[in-house]
Amino acid sequence: MSIENTNNNNTPSAEISPDDVLVVRDLKKYFPTAKNFFGKPLGFVKAVDGVSFSIKRGTTMGLVGESGCGKSTTGRTILRLQGKTSGEVLLNGVDIFKLKKEELRKLRPKIQIVFQDPFSSLSPRIPVGEIIGEAVREHGIVPPEEYDDYITRIMKACGLQEYHKDRYPHEFSGGQRQRICIARALALNPEFIVCDEPVSALDVSIQAQIINLLKELQEEFGLTYLFISHDLSVVEHISDTVGVMYLGNMVEYSDTEELFRNPLHPYTKALFSAIPIPDPDAQMNRIILEGSIPSPANPPSGCKFHTRCSECMNICKHCAPEYREITPGHFAACHLYNTPEMNEKFKAEAAKESANDKEN
């Protein structure tokens with residue numbers, strides 16, 4: 001089985017703006033499922049299958065979707081915590097996958113991550129002050145004589161006290177441990193932080209505190225976030241733009257206000273219909289998705305969502321929709337918004353594929 005390397009230019013990141021901190025172009029990450037005797041892959045799990053977007057400096061992009069859609073894999077691949085299959089990841093115009101080892105090491109402080117589970121991402125054998133300061137010392141962020149004061153300032157900025165330095169992670173609550181993780185990332189003076197579901201393991205009241213902390217730090221230090229979550233209410237509160245993923249693909253992308261006011265893709269509409277309404281008398285028009293998510297190792301032909309879509313048409317079963325700009329700044333991949341010319345093109349492609357199948 002070969003890996004296709006296609007390029008989609010109809011994306012929000014087709015052109016690089018000076019304001020863009022991060023630009024992702026047609027990013028793909030495939031994991032081999034099995035190999036033959038000679039070590040050649042026989043099949044792939046297409047965890048990320050051609051994702052493109054950009055994030056402006058000092059803003060937050062939310063990335064949402066069901067579990068298994070490829071959100072976390074996208075974040076980790078962007079940070080080069082794992083290799084890519086194809087595509088580009090540009091940080092301030094520099095492709096981080098083309099950097100050599102020493103160049104990447106110098107860049108590391110500028111790109112950080114806050115993990116979902118704060119307890120498992122903190123070493124239980126190291127005190128909090130050393131956890132936050134270890135990388136600061138390694139990368140020489142501040143002179144040695146300023147080290148202690150610097151760590152204290154960072155901890156206080158994240159709602160921690162100086163006497164917490166000598167304590168260990170198990171002595172803190174879940175919310176405090178997440179503050180430690182944020183402080184560890186902030187201490188390296190980053191430009192861009194991937195927040196990989198940072199509040200999903202916390203109580204609702206603590207979630208609000210952490211979200212407010214992230215917003216305060218963003219204003220104070222000019223940070224840029226990729227906020228990965230499945231909680232749409234949290235994403236609406238913190239994000240400037242939102243991308244919706246399904247089975248490795250970006251199916252919709254827009255400004256947060258526009259997306260929540262006018263979702264275009266049937267999958268996005270189904271997700272939004274599940275948001276609880278704090279009114280016992282309100283009528284919820286819940287859209288129930290039939291069936292389960294198809295396997296990313298063997299996705300359906302055509303539109304990957306057609307097996308669960310209530311608005312599925314015949315063209316959806318055979319042709320993958322183009323990811324394009326439907327209205328200014330609002331991108332979606334759905335045949336519902338095809339022009340007559342596009343429908344004719346897709347019909348011709350489907351007829352050609354059908355003829356080739358009959359010949360074979």
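In the predicted model, Arg261 and Glu258 both belong to helix α8 (residues 256-261), where three residues, about one turn of the helix, separate them. The two side chains form a salt bridge whose closest N and O atoms are 2.3 Å apart. Arg261 is exposed, at 59% relative accessibility, whereas Glu258 is buried, with a relative accessible area of 17%.

Nine salt bridges are found in the whole structure. Among them is the pair Arg25 and Glu88, with a closest N to O separation of 3.5 Å.

Strands β1 and β4 are part of an open, antiparallel sheet of four strands, ordered β2-β1-β4-β5. The edge positions are taken by β2 (41-56) and β5 (94-95); each has a single partner strand, so one side of each has no neighbour in the sheet. Strand β4 (residues 86-91) is joined to β5 by two bridges in an antiparallel arrangement, and Leu91 stands opposite Val94 of β5. Helix α1 (residues 71-78) lies across β1, β2 and β4, at about 115° to β1.

Helices α3 (residues 128-139) and α4 (residues 147-157) pack at about 120°, with their axes 10 Å apart. Their crossing is right-handed. Residues in the contact include Val128, Ile132 and Val136 of α3 and Tyr150, Ile151 and Ile154 of α4. By class, this contact has eight nonpolar, two polar and three charged residues.

Conventions:
Residues numbered from 1 in each chain as written. Predicted model: local features only at pLDDT ≥ 70, side-chain atom pairs only at ≥ 80, totals over all residues. Heavy atoms only, no water. Axes fitted to C-alpha atoms, helices over the stretch in contact; angles between N-to-C directions. Left-handed = near helix turned anticlockwise from the far one by under 90°. Contact = heavy atoms within 4.5 Å. Nonpolar A, V, L, I, M, F, W, Y, C, P; charged D, E, K, R; others polar. Pairing = 2+ DSSP bridges. Salt bridge = Lys/Arg side-chain N within 4 Å of Asp/Glu carboxyl O. Buried < 20%, exposed > 50% of the residue type's maximum accessible area, 1.4 Å probe, protein only.
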